[in-house]
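Subject: Structure handover

Hello,

Here is the structure we discussed, with notes on its salt bridges and on one pair of helices. Please have it open while you read.

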Amino acid sequence: MGKVLFPERVLGLHLSHPAADRRGSQRSGCAQHFESAMREGWTVGRGRGVALADDYVAQQLAAADALPADMRSSMLNDLIAGNRLEAPWLSGAVARMAAEAGLPAPVSATLFSAVKPYVNGARSGARSTNE
């Protein structure tokens, strides 16, 4: 689902921030956005006939909770290095497919919008035209 890019931050720090209640029944802060983005992807996938388990999001959140606090996503590493990003095929695709299906995906759309200027790599100075 690829919702691991929060510019200039590492994944573990976002999920372990004091504002992120990772172990309670209700998440808050960045952890809530992370979970919401996963749920958006799950909803779009299920709507398109992908056989995702009912507890898929919970499984992925448990896996994310086990990551080291200094874990960086490959997309964050690519952003820092000025390389192309796979965002159009991750959060961008979720946002696009959700819109096509008339489903809300505000977190995925926001995440994609935040990195869209960098999807072709900062070094090239190119801007994306991908929606």
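Arg39 and Glu35 lie four residues apart in helix 2 (residues 29-47), so about one helical turn separates them. Helices here are DSSP runs of H or I with at least four residues, numbered from the N terminus. Arg39 and Glu35 form a salt bridge, with 2.9 Å between the closest N and O atoms. The term salt bridge is used for a side-chain nitrogen of Lys or Arg within 4 Å of a carboxyl oxygen of Asp or Glu.

Before the rest, the conditions. This is a predicted model, in which local features need pLDDT of at least 70 and side-chain atom pairs count only at pLDDT 80 or more, while totals for chains, interfaces and linings use all residues. Residues are numbered from 1 along each chain as its sequence is written, and side-chain values use heavy atoms, with hydrogens and water left out.

Salt bridges

The whole structure contains three salt bridges. In the pair already described, Glu35 is buried at 17% relative accessible area, whereas Arg39 is partly exposed at 40%. Buried stands for under 20% relative accessible area, exposed for over 50%, and partly exposed for values in between, using a 1.4 Å probe and protein chains only.

Asp54 pairs with Arg46, and their closest N and O atoms are also 2.9 Å apart. Asp54 is exposed, at 67%, and Arg46 is partly exposed, at 34%.

Arg96 bridges to Glu100, with 3.5 Å between the closest N and O atoms. These two residues are four apart in helix 5, which puts about one helical turn between Arg96 and Glu100. Arg96 is partly exposed at 37%, and Glu100 is exposed at 55%.

Helix 5 and helix 6

Helix 5 (residues 91-101) packs with helix 6 (residues 106-115) at an angle of about 135 degrees, their axes being 8 Å apart. Axes are lines fitted to C-alpha atoms over the stretch in contact, and angles between N-to-C directions run from 0 to 180 degrees. The two helices are therefore oblique to each other; angles under 35 degrees count as roughly parallel, over 145 as roughly antiparallel, 65 to 115 as roughly perpendicular, and the rest as oblique.

Helix 5 contributes Ser91, Gly92, Val94 and Ala95 to the contact, and helix 6 contributes Ser108, Ala109, Leu111 and Phe112. Contact means heavy atoms within 4.5 Å.

Regards
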